[in-house]
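I opened the notebook to record what I looked up in this structure. The entries follow in the order in which I made them.

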Amino acid sequence: MKWLSLLMLLPLAGAAIIAALPKNNEKAAKQAALATTLVVMAATIAMAVGFQRDNVDLQFVENYAWIPSFGINFALGVDAIALVLILMSTILAPVVVLAGWNEAHGGRWSVKTFYVLILVLETMMIGVFAATDLFLFYVIFEAMLIPVYFLIGGYGSGERSAAAVKFLLYSLFGGLLMLASIIALYVMSGAQGGHTFDLDKLSQLQMSSTTQNLLFLGFFIAFAIKAPVWPFHTWLPDAAKSATPGTSVLLLGVLDKVGTFGMIRYCLTLFPEASKTFTPLIMILAVISIVYGAFLAIGAKDIKRLIAYTSISHFGFITMGIFAMTSQAQSGATLYMFNHGFSTAALFLVAGWMIARRGSSTISEFGGLQRVTPVMAWSFFIAGMSSLALPGLSSFVSEFLVLVGTFTRYPVHAIIATFGIVLAALYILIPVQKALHGPTTVGNENLKDLNLREKVAIAPVIAVIVVLGFYPSPLLNVINPAAKHVISQMGFTDPVPSIGDK
Amino acid sequence: MTTSSSLVYLIALPLAGAVLLLLGGRRTDKWGHLLGTAMSASSFGVGLYQLMLMLDRPTEQRPVSQKLFEWINVGEFKVDAGLLLDQLSICFVLLITGVGTLIHIYSISYMSHDKDRRRFFAYLNLFIAAMLLLVLGDSYLNLYVGWEGVGLASYLLIGFWNQKPAYATASKKAFVMNRIGDMGLSFAIMIAFATMGTVSFAGVQEHAHHASEAALTGMGIMLLVAAAGKSAQFPLQAWLGDAMAGPTPVSALIHAATMVTAGVYLITRSNFVFDAAPTAQLLVVIVGAITLMFGALIGTAKDDIKKALAASTMSQIGYMILAAGLGPVGYAFAIMHLLTHGFFKAGMFLGAGSVMHGMNDEVNMRKYGALRKFMPITFVTFGLGYLAILGVPPFAGFYSKDMIIETAFNAGGAKGIILGVTTLIGAAITAFYMTRVMILTFTGTKRWDDNAHPHESPWLMWLPMAVLAIGSVSSGYLLSSGGALENWLHPLFDHHAEHEHHLLEPIVVSAMALTMVAIGVAIAFSKYARQEVSSVAPENVSIFTKIARQDLMQDRFNEAVFMRPGQALTTTLVAADEVVIDGAVRGVGQAAMSSGSALRGLQNGYVRSYAALILVGAIALIGAIWVVVQ
Amino acid sequence: MNAANYLYISALLFTIGAVGVVVRRNAIVVFMCIELMLNAANLSFVTFSRINGNLDGQVMAFFTMVVAACEVVVGLAIIVTIYRSRRSASVDDASLLKR
Amino acid sequence: MMQLALEVGQTAQPEAIMFWILGPMAVVAALGMLLVKKAVHSAILMAFVMVILAIFYIAQDAVFLGIVQVVVYTGAVMMLFLFILMLVGVDSSDSLTETIAGLRPIAITAAVGFGGLMVSLLGRATLGRQATGLSAANADGNVQGIAKELFSTYVFPFEVVSALLITAAMGAMVLAHHQRTTVRPTQRQLSINRFRGETLASAAGLPGPGVYARHNAVDVPALLPDGTPAPTSVNASLEARGDMLDYKSFDLSEVNTQIVEEK
């Protein structure tokens, strides 16, 4: 069964159906989008069931010649890390569609277009994680910008065009650096046994350390912008503030993961030596991201910007985990990617509902929501608790794994990063206090609590957060072999406890 | 080690209660409080059943464990969701569920007028579940889950009336300061894993004596930080006073009897770490000593009855921490004081709640007076607690506190003398401020407004108080007769360094302690019973009183040292992000724009200037050839 | 007689033509300067033809002449058209490229 | 330079003499082309340069090109230039003051740089052998040689160029052709316009230029009975060329004031 191409085709088919619908039938477009995303989710879960846990090779491999004269193939395949991320993306897609049922209204274009864009984006989200041909990856990596650009610029709020352009320029800049590196790899592959874009073959290339360093930087900066890692982060708050909540979820929850995923899949695999060379620098950037993002989140006055800044902090943790090169940190980082998708989704969706009801995204405009809209307040609170990594919720497991794993090799970095958890308490509790607690702000007395559709949308997200907090094993057991494989490929083993030396 | 499959019910029952009540929403309003109480009581029942089973078994088979499922398993980092019930945790289980159930019962009546009573019970159940997980977890990471869980419950309960901004702030403050402690615990776990490759209690105990002292000292200090955060010890003590914003039963349960003693639990549980790390141990003692004085001094100046009691709690936990820092000899006494304190302090808090209940939620003791006549039962139960905390024989505090003072003196050398004297002075100050509370509240003349109608509380409220009063009277004797608790806990602690050199005979210590207590009581009498007490706090007081009223400047210190610089840093970073980083990005854009508009000047539309440009370009080209083709 | 001398003079004429294009405003004079540049190039071609001893350079010059003739025809037609609508033969008056 | 002088002195061939006389003349004429004000003068100088170039061609065994240069360039193209000059206005002299700021210094610096670079490049370029000469290639005659090349090796470019030439001719016709956009008014229509127009002023014929004016030259407008000048009395093409004198200065009132001032 060609699972991966099926997964990529399904949303496209859905998009085609929606495009064929009459323009004024908005409800049908929404239902078709929801149905499509649900089918894709079901198909992904069915695929995931057939995944062989202990096999560290790529699975569900497919390979079609695309542009044979350049050695370009339409090659797909997933390891556990990609599988987990595809799973996350396809689970989040129906949630986003359902949660943002009305967010396409008031856009520059029709509701139909919105869902076509969402579904096209879903295809690309699957493709970007599944691609094993560097050229294919690059094409999807850049093509993803297009639907997101239109989603932000066409359906967002506030200075949406400026934010969309900023997002696009940032990403294109990174993408071009990566393109240069990819072309260099391609040229070198020609000198060493035939032109190819195949990831596996490219990882066997021989190159001087200077070349490797430069090419590594091309990839890393692209991914660091995408992730985003300090100091390449300033596009994210603007984009997240201007985008619709659903788009923000996909942006922060899925698209940004392409950056961290790329670091594992491409930076580490293609340039192991350069990765080692740059690790000290990247670890420092990661730690700065953690603390810096947290401080900015504390200082944020806009709830969407706040969530974006918390994500910068979280991406710092993920980056730190990836480059700490211990099995705990590596598994933790992958799990973190998955968990962050859900906790950010919960935060953004609830924040989106709050904003839609109040008509403003300034935190101080809210107040006393706990009394008026208890279910919404609780949803936000739980999402926030997940974001600050409260034990018992999913983020804790991943964050702690990253910290513990990092500590065994880089104690100082881990210690500074751990201060982030105090800051996390502040950046979550300050908005909680301002928005949910205190006397009800004038004008908020009659806000409506979540309706059934919204409850149905948020419930699975919260369920995932809670269940994975207590029982992460199913996911961890899938991730572990792959994470271990990454580390052993890099030639690392876990540091032995000092007690073992005696 | 025995295994059991029923430990999980200890936690699952109250957790189920909490989940049901929270998810059930308004539908459960009618019977929510009953369900919550029932869940807590049934958990207590399971605890008693476990105690009986444990008593049945020989000493070495008494600890019971249960593995629920594999929680985290990555590389060498293996943590199971496992529970461990041994002689130490059973004490806590019974204290938590026992006192917890009493407070549930008390709250049924106390909260009966609050429309969110169901939510309150849900939080209480959540707290019970988290606290049980804290004491039952078989590894530091499991403990950590409970540790933050109680922090969450405490946050929710302090902020139960969060529509009042001050209360919401208090809850946030408690959570954040607790998080600093949690960070310490994280560090401790990381150190444990990095040096010993395990985070379970059994594993760490097994490897502790192999590990380097530096690592153990680091771990010990971090555990102390954790304990300080949770138990409101110096320097993380500032949140406890504000935590009194929560409903009084919460103060009784969480901020007197159980959660705040989790630090003591953590230190005694980690005895194997501290025994091997004398420096850390010494720090524990110092922190305990400072806090016991700190809390006592604050207690002397507080007019808010709950804050006075909170200060007292801080001080008493200082005693426990100090005892726990004295090594194997002190652990049992720390636990004993913890248990007796759980009874008498919870009793007194409930008494305070009862007084507030009769006085329109007035907390200022200067507005009380002569309540003895109106609330006889409250007076008696509170009075028994008062005698217990003073350490008057044969009440509970006498046994536990005297032991600590004695152990402190026996610590040896200058350390022993200093600690002994500190604990003695602490006892005197305790006697002073507790007497002050008694006098201001129950005796003297009435100072309340006419719209207050003090009355005795309903039986649902005084019954738990009565039970706790019985505990305050008898628990000390029961726990210490024949060294009952000491022997019970003995197998857990590494007692081989038994150095029984008595600096002072026990009887002498007791006499000294009682003398100090008598002095404290006498001063309080002379100051508050013999002269009229004003119903507003006098302003012309000494600088020391003013400082004590401001909690010894703890908030000002935190504000000046952490909060303000933190806020300044945040503002700076926000501005810097806008100006420097985003500014650099926008600067690139601006540069492109301005160079574009500069170059636009060349495109003036005149053919001849284009021709000139072409000419310049041709020169450049030929120049290049000129340079290249030498 | 060194054939390279013709090349020097060709370079000079070309330069003068280029300057003329830039400094003169009358479109017809500008055109003549362009012709001058083309002619200078032709001189080079012819000289190269002589140096190399084959006729390729002359053929090339021949083609250049044809192209120059075409250019003159079209260019002058344009000038006439512009003159008709603007009553001016100054190239500065036709600065429409900017707008 | 020294070597150049030596060369000139030593090899006093006829070609060298011709070169050293005509070469400077060509350069001077070209420079003059830039400096003279009137376009007609420029054209004459241009024709002079072209003739010199034709002589150079012939001197270098390019007889065919030399003749073509004279016939086609100097004869046809330059006449075309002059014809257009006549059309546009022979007298329209170019003001040599520069209007675009800074262009002239740039142009001159660039020219000096360009020329200097070219010359120094040429000076550095070494041929490595003596000029071969065309005696071998022109064995069958220059015209035959070129014809052979054109119709064999370069036949395809030749055809393309012929297409280009036709296209250019067509293009010139299209560009220069002035399409009528309105129906040509009939005699009757003109007459109606004349008498039923807004005023009857144009009903009678316009006065010729110079009527009642101080001068009777063609570029001086007639004066109307009220003493104001009538610009319509002067040929429109004179006006368009800018050759008409400012008619306001012929207003009688203007004249009177001048007289008053003279007193």
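The model is predicted, so I kept to its rules: local features need pLDDT of at least 70, side-chain atom pairs count only at pLDDT 80 or more, and totals for chains, interfaces and linings use all residues. Residues are numbered from 1 along each chain as its sequence is written, while chains are lettered from A and ligands numbered from 1 in the order in which they are written.

**Strands of chain B.** I looked up S2(B) (residues 64-74) and S3(B) (residues 77-85). Strands here are DSSP runs of E with at least two residues, helices are runs of H or I with at least four, and both are numbered from the N terminus. Nine bridges join S2(B) to S3(B), and the two run antiparallel. I noted that two strands pair if DSSP finds at least two bridges between them. S2(B) and S3(B) form a hairpin with two residues between them. In that turn, B:Gly75 has a positive phi of about 55°.

S2(B) also has a parallel partner, S1(B) (residues 2-3), joined to it by two bridges. There, B:Thr2 stands opposite B:Val64.

**Domains of chain B.** The domain assignment, which is automatic or from a database, gives domain 1 (1-66 + 81-138), domain 2 (139-493 + 500-533 + 542-549) and domain 3 (558-629). I read 66 Å between the C-alpha centres of domain 1 and domain 3 of chain B.

**A helix of chain A.** Next I checked H13(A), residues 303-324. The expected span is 1.5 Å times one less than the number of residues. For the 22 residues of H13(A) this should be 32 Å, and the end C-alpha atoms are 32 Å apart, which agrees. Is H13(A) mostly covered or mostly open? I found 22 of its 22 residues buried (20 or more other C-beta atoms within 10 Å of the residue's own, C-beta atoms being placed from the backbone; exposed means 12 or fewer, partly exposed in between). A:Met325 follows H13(A) and has a positive phi, near 60°.

**Contacts between chains.** Which chains share the most contacts? Of the four pairs of chains in contact, the answer is C and D. A contact means that the C-beta atoms of two residues, placed from the backbone, lie within 7 Å. Chain C gives 62 residues and chain D gives 71. On the side of chain C that touches chain D, H3(C) supplies the largest share, 21 residues. No contact joins chain A and chain C, whose closest C-alpha atoms lie 27 Å apart.
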